[in-house]
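Subject: Structure handover

Dear colleague,

I am passing on the structure we discussed, with its sequence.

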Amino acid sequence: MCGIVGYIGEQQAAPVLLDGLAKLEYRGYDSAGMAVCDNGEIRMVKATGRLKVLEALTKGGSTLPGTAGIGHTRWATHGSPTDTNAHPHFNGSASIAVVHNGIIENYQKLKRKLESRGYHFVSETDTEVIAHLLDRYYTGSPLEAITKVMHRMEGSYALGIIFQDHPDEIYAVRKDSPLIVGKSSAGNLIASDVPAILKYTRSVYFMENEEIAKLTRDDITFYNIDEEELEKEPTEISWDLSAAEKGGYDYFMMKEIYEQPKAITDTISPRIRDGKIVIEELGMTDEEIAQISKIYIVACGSAYHAGVTGKYVLEGMARIPVEVDLASEFRYRNPILDEQTLVIVISQSGETADSLAALREAKAKGSRILGIVNVVGSSIAREADNVFYTWAGPEISVATTKAYSTQLAALYLLAMKFSNVRGTITNEELTSMIEQLQQLPRQIEFLLGSHDRIQKFANRFLAADHIFFIGRGLDYAISLEGSLKLKEISYIHSEAYAAGELKHGTISLIEDGTPVVAVLTQEELYRKTISNIQEVRTRGAFVMTVTNANHTDVEKNADFVMYLPETNSYFTNSLAVIPLQLFAYYVALGRGLDVDKPRNLAKSVTVE
Ligand code: F6R
């Protein structure tokens, strides 16, 4: 939920830290702070609000001299967003400073023990416990103190630590929260994510659980929790900084919407070879695929919505029973799983706490776990038996767009592969589907060309209080995503309903002028949904429809129509999502909101 950075080198640390934090603001943005070692003293500045407050307070970092320091951008979990609760946190004598991402689950117990020994706490955070615990065990060796503290903490943590007595060192520690270390000619760095350090280096070490890194100006040493030195190899990052910057768009969300054709192409093309679907990373023989008795898809938020689409596609095409579950439900409901069950965990960040816990639950029950993950080297990617990477590249905007679209593409590829192996589609059908799949990027580009029309239409709903989305089958699955996209960034209340369910209660909410977005891409359900549209229109609803290009007759029943190019009926959600994303974006923009950073949300939900 938070972003951490650290720097030690020849340059002034504070501007480097601010630079890195700006790339991590997507991880949290309710307060920020830095601590820098200078002339044997640690100086700290922190401030509630966006990073620009901290920038202004330190005049771009110039008022905080020193060449070694740590920084943090926060998304509050324990304690409200205040200056006192902002990181870094200190021990009583301000000789040890800590920044933390994660949650210390036993912090109350530790806090009580420390208080009984005379330690005084100033903040409401769990992190402050770490600073005091380090103080308690520090007798001159930072490494020894850190490992002792690690043995006492339960929960997740990525830490950046500096000790006043060791001004030429910074320490990084990781357990269940992401942390990377970068080596550059300008100095060495730590960060929660690659974009924060890409300006300085492409050579990155991914820290594993319970590892510690000691960084000096020209050296990096890794240790395990037993203080034994470790050998680690750096990874060369192949994508560049422009991929993590706005590139001329007003918001990352728009940039990422426009990146969807490329993201889908990058995800599907390595897996199509000589007219066949080849997913080597699946690690399953044809025999094992034939033996799958059931699939569970487990995820949160939009990734869950991708899973709902996946259910319709996998069941329809491969005839394998599929259950889709919210990870936060799945993990506590003692699901019935066995070795023939395939559990697919979908996650952009690969760090979502509930999805990770669901993965562990399923693994403990002996099921094979396939991760569909975007962030390389993330926790879910590392713990799954096999990983299908979606090649969406870094997604910065809190509301997912391109990662969601690549999740759909990944699920289509899996369904096609399974269907082909299990004989539920013919080779001819597979060939035609591959062609249709390969056309999706171009069709999405065509749809993006309608952005002006959608913006004009969206501007009519800036003052709406409620907006409903309806559809049946796959159209219901995409309605869920359209509704979430709208509500999370525009703050307009919105709900998605299976169209046939309306008259079981919800229709009583429809009144004169209520906006309803209806999706009708499934030919066999078209007439049914038209009847539902007529029911809401009779009660005064203002209707936008998203439908196939051959259904011009829909205009009799709608106030605004978005037509989709023709594709395979299993792939329509990849097209229908485009006008829905643009609609949500323009409504939020028209309402003057910060599209990329909706209130109360963070990009990576690493707590339960
Ligand atoms: C909505 C959104 C969230 C995420 C959810 C899961 O736009 O982005 O609903 O889909 O928090 O996150 P990941 O995919 O990182 O597990």
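Predicted model: local features only at pLDDT ≥ 70, side-chain atom pairs only at ≥ 80, totals over all residues.

Core

The largest nonpolar core has 91 residues. Within this core, the residues that touch the most other members are Ile295, Met416, Phe418 and Phe583. Helix 18, residues 572-590, is the biggest contributor, giving twelve residues to the core. Domain 2 (252-447) and domain 3 (451-590) each provide at least three of the core residues.

Setting aside neighbours within four places in sequence, Phe583 is in contact with Ile454, Phe457, Ala458, Phe461, Ile467, Leu486, Val517 and Met544.

Cavities

A search of the whole structure gives three cavities of 30 Å³ or more. The largest cavity has a volume of about 90 Å³. Its lining is made of 15 residues, and Cys2, Trp75, Thr77, His87 and Gly102 are the closest to the centre. By type, the lining of the largest cavity splits into nine polar, four nonpolar and two charged residues. Strand 6 (residues 96-104) gives the most to this lining, with three residues.

The second largest cavity has a volume of about 40 Å³. Its lining consists of Val5, Gly6, Tyr7, Val16, Leu17, Gly20, Leu189, Ile190, Ala196, Ile197 and Tyr200. Nine of these lining residues are nonpolar and two are polar, with no charged residue. Strand 1 (3-9), helix 1 (13-24) and strand 10 (187-191) each supply at least two residues of the lining.

Pocket

The second largest pocket holds about 590 Å³ of space. There are 32 residues in its lining, and those nearest the centre are Cys300, Gly301, Ser302, Lys603 and Val605. Sorted by type, the pocket lining has 16 nonpolar, twelve polar and four charged residues.

Several elements each supply at least two residues of this pocket lining: helix 9 (301-318), helix 10 (327-330), strand 20 (341-347), helix 11 (353-364), helix 13 (402-422) and helix 16 (474-490). The largest share comes from helix 9, with three residues.

The bond runs from His87 to Pro88, and its omega is near 0 degrees. Pro88 is in the loop between strand 4 (68-74) and strand 5 (89-90).

Two residues other than glycine have a positive phi and may be worth a look. For Glu210, phi is about 60 degrees, although the residue is not a glycine. Glu210 sits in the loop between strand 11 (203-206) and strand 12 (211-215). Is Glu210 exposed or only partly exposed? Its relative accessibility is 31%, so Glu210 counts as partly exposed.

For Asn600, which is not a glycine either, phi is positive and near 65 degrees. Asn600 counts as exposed because its relative accessibility is 66%, and the cut-off for exposed is over 50%.

Regards

Notes. Residues numbered from 1 in each chain as written. Heavy atoms only, no water. Core = buried A, V, L, I, M, F, W, Y, C linked by side-chain atoms within 4.5 Å. Buried < 20%, exposed > 50% of the residue type's maximum accessible area, 1.4 Å probe, protein only. Helix = DSSP H or I, 4+ residues; strand = E, 2+ residues; numbered from the N terminus. Domains from an automatic or database assignment. Contact = heavy atoms within 4.5 Å. 1 Å grid on protein atoms, 1.4 Å probe; cavity = no way out; pocket = protein on both sides within 12 Å on 5 of 7 lines; lining within 4 Å. Points joined across faces, edges and corners; volume = space filled by probe spheres on them. Nonpolar A, V, L, I, M, F, W, Y, C, P; charged D, E, K, R; others polar.
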